[in-house]
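User: I am new to this structure and would like to learn how to read its features one at a time. Could you take me through them slowly?

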Amino acid sequence: MAGNDENPAGSRYIRLIRNLYRSGGYVFAAKAEDIARQHGISRVARLASNENPWSPSAAAVREGHEALKGANRYPDESMAMLTGALARFHGDYSFVTGVGMDGVIETIIRTLVNPGDRVAISLPTFSFYRLAALAQAAEVVEIPREPDFSVSTGRFIELARDAKVSFLCTPNNPTGTVIPAADIRQILSGIRGILFLDNAYVEFSDTDYLPLMKEYDNLIIGRTMSKAFALAGARVGYAFIPGWLAPFYHRAATPFTLNTVSARAAIGALEDRTEMERYVAYVQQWRDRFRTECPLPSCPSGANFVMFDTAPFSGDEMALLLAEKGVIVRSCASFPGLPDHYIRVSVGDAWENELFLAVITEICRSCA
Ligand SMILES: *Cc1c(COP(=O)(O)O)cnc(C)c1O
C-alpha cells in the first residue's frame, strides 16, 4: 500500500519531492503470499484485482516468445503490426497504444492539459485519472454519481462543460454500472472539451459505444488487454482516438514505451477471439451466480466483478473477515465518493468463486 503523509525516514532531500507525491498514491491489492502467511492458509483466492484467472491464450504466448528472439532491436515506434491487428479485430479506426490503458491515460493528459486546466471526473471511479491529472497540475473537478451510481447527464454536462478533458468509466470500476450509449451521445454534444470513455470492461457488457466514434471528434475510447484478454502483466492498452489528435499524442508520448514482446503477445491474443469470448461467457455466468447466491445486496454489473454492500460492516472489516478465510477481495473504502461499506469481488477461477460464496454465506449466517 502506498504511504501516507509521513516523510520517509531521514533524508534531508525530501523537500525536493513534489508535494503531490509526498502523500498517498495508487492503492494496490494485498499480496496472496502475505495473506497466506498471516493467516496460515495454503491456498488463497485472488479476487481483488479484476484479473483474468486464466493464462493468456496459446497464440499470445507463442507470439510473445517469437518476438523475444528479435528483442535486440528497438520496437517499430508506430506499433504498425499491433494497430493492424486492432483494425482487423475492430474495423477501420484511428488507434494509439500505450503501457496499459494507464499509460494511454497518462499520455492523453500530457497531450492536452496545461497547468490549471480543468479535468472533470465522475465519482466513485478508478483512481488513476485523478492521480494523472494532478501530476500534470490540472484543476480536478469531481462530479458525484446519483445514489444508484448512474450518471445524471444534465448534472455532468453542467459541471464538465468547460473541462479540457472529462473522464467517464463504463462499465464503471468499482460499481459495475453501465451508462447507456444515448447518455454518452448527449454528454458529447453538451461539453466543449474531450471525453475519455474508459471501456476497460466493455467486453463483459452488452453495450457498444464504438458507433459514437464515427459521429464525434471529441471522443476517445480507452481499452485494455489486461482484463478480457488475460495480459495484465504484459501492460498493453490502446485507444480509439479522433484522427486529428493522433499526431499530437505521438509527440507527447515517451519514445518506445510499449515493448515488442508485449505488443506481439497482444496481437496473438487479438487473433484468438474465441478464447476471449469463452472467458466473457464464463464471467457472465459467474456474475449472475454471485448476485443470486451471495446474501449481500449487490449492484448490477457489466464487468468481470460485482460490488456488494457490506453494511453494517465496513468494507475494510468485511475484506478482513474474508482474508482470514483465504479470500482476497477489494475493500472500496479508498474510493472517494463512495460510502465505506462496499467490497468489490472479481470473478476468479471456479474454486475461488465457490470459496468466496461459501465463506461469505458463513459470515452472513453467523452475524444474522
Ligand atoms: C484495469 C483498469 C484500467 C487499466 O488497465 P491497464 O492494465 O493499465 O491497461 C483502466 N481503467 C479501469 C477502470 C480499470 O479497471
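Predicted model: local features only at pLDDT ≥ 70, side-chain atom pairs only at ≥ 80, totals over all residues.

User: How many cavities of 30 Å³ or more does the structure hold, and which residues line the largest cavity?

Analyst: Rolling a probe the size of a water molecule over the atoms shows where empty space is left. A cavity here is a set of points, on a 1 Å grid over the protein atoms alone, where a 1.4 Å probe fits but cannot get out, and lining residues have an atom within 4 Å of a point. The structure holds 2 cavities of 30 Å³ or more, and the largest has about 80 Å³ of space, with a lining that includes Trp54, Phe229, Met276 and Tyr279.

User: Which residues have the most contacts inside the largest nonpolar core?

Analyst: In soluble globular proteins, nonpolar side chains tend to be buried together. A nonpolar core is a set of buried Ala, Val, Leu, Ile, Met, Phe, Trp, Tyr and Cys residues joined through side-chain atoms within 4.5 Å. The largest one has 108 residues, and Leu82, Ile105, Leu322 and Phe356 have the most contacts inside it. The helix that gives the most to this core is α12, with 7 residues.

User: Is Asn304 buried or exposed, and which residues does Asn304 touch?

Analyst: Asn304 counts as buried because its relative accessibility is 0%, where buried means under 20% relative accessible area (1.4 Å probe, protein chains only). Found in the loop between α12 (273-293) and β9 (305-309), Asn304 touches, among others, Asn50, Tyr201, Lys227 and Tyr279, not counting residues up to four places away in sequence, with contact meaning heavy atoms within 4.5 Å. The side chain of Asn304 also reaches the backbone oxygen of Asn50 at 3.0 Å.

User: Where is the place of Ser301, and what does its side chain reach?

Analyst: Ser301 lies in the loop between α12 and β9, and the side chain of Ser301 reaches the backbone oxygen of Phe305 at 2.6 Å. Ser301 is buried, because its relative accessible area is 13%.

Conventions: Residues numbered from 1 in each chain as written. Heavy atoms only, no water. Helix = DSSP H or I, 4+ residues; strand = E, 2+ residues; numbered from the N terminus. Buried < 20%, exposed > 50% of the residue type's maximum accessible area, 1.4 Å probe, protein only. Polar contact = N/O pair within 3.5 Å; in protein donor to acceptor, adjacent residues only side chain to side chain. 1 Å grid on protein atoms, 1.4 Å probe; cavity = no way out; pocket = protein on both sides within 12 Å on 5 of 7 lines; lining within 4 Å. Points joined across faces, edges and corners; volume = space filled by probe spheres on them.
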